[in-house]
Amino acid sequence: MLGNKKKRKRDKNWISAETWSLINKRREINEKKGAARSQRLIEKLSVEYSLANRQVRKNLRKNQRMHYENLASHGERAAIRGEQSELY
């Protein structure tokens, strides 16, 4: 196969199901905003999108922090047990 592999969104297993649902909700809002015709509706959806985007970013930061903390604790446990292959 030539070229780069396309990244699939589900390859990021550190993102929780709740965050995926927020991402899908944000995507739906953005699609509605793109299909809207009236300026008033576009402005309303823009505000909704910015709030949803803020919530998604907040949840992603929380998920990523938890993921790295889990990796660190796993590494610490492996170091205590002397499992060098796990640490490498």
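Author: Start with a term. A residue counts as buried when its relative accessible area is under 20%, as exposed when that area is over 50%, and as partly exposed in between. The model is predicted. With that cut-off, the buried residues of H2 are Leu45, Ala52, Asn53, Val56, Asn59, Asn63 and Ala78.

Now the setting. The protein chain has three helices and zero strands. From the N terminus on, the order is α-α-α. H2 covers residues 39–81.

The 43 residues of H2 should span 63 Å at 1.5 Å a residue, and the end C-alpha atoms lie 62 Å apart, so the two values agree. Just after H2 comes glycine 82, with a positive phi of about 80°.

Val56 belongs to the largest nonpolar core. Ile15, Trp20, Leu22 and Ile23 are the other members, five residues with Val56 included. Helix H1, residues 17–35, gives the most to this core, with three residues. In general, nonpolar side chains tend to be buried together in soluble globular proteins.

Threonine 19 sits in helix H1. Its relative accessible area is 0%, so threonine 19 is buried. Leaving out residues up to four places away in sequence, threonine 19 touches Val56, Asn59, Leu60 and Asn63. Val56, Asn59 and Asn63 are among the buried residues of H2.

Lysine 62 gives a contrast. Lysine 62 is also found in helix H2. Its relative accessible area is 42%, which lies between 20% and 50%, so lysine 62 is partly exposed. Lysine 62 and threonine 19 are 43 residues apart in sequence, and their C-alpha atoms are 9.9 Å apart in space.

Last, the whole chain. Buried residues make up 17% of the 88 residues. Among contacts with a separation of 6 or more, 46% join residues 24 or more positions apart. The chain exposes about 7,700 Å², and carbon and sulfur atoms supply 50% of that area.

Technical notes: Residues are numbered from 1 along each chain as its sequence is written. This is a predicted model: local features need pLDDT of at least 70, side-chain atom pairs count only at pLDDT 80 or more; totals for chains, interfaces and linings use all residues. Side-chain values use heavy atoms; hydrogens and water are left out. A nonpolar core is a set of buried Ala, Val, Leu, Ile, Met, Phe, Trp, Tyr and Cys residues joined through side-chain atoms within 4.5 Å. Buried means under 20% relative accessible area, exposed over 50%, partly exposed in between (1.4 Å probe, protein chains only). Helices (H or I, at least four residues) and strands (E, at least two) are DSSP runs, numbered from the N terminus. Contact means heavy atoms within 4.5 Å. Accessible areas come from the Shrake-Rupley method with a 1.4 Å probe; for residues, only the protein chains shown count as cover. The expected span of a helix is 1.5 Å times one less than its number of residues.
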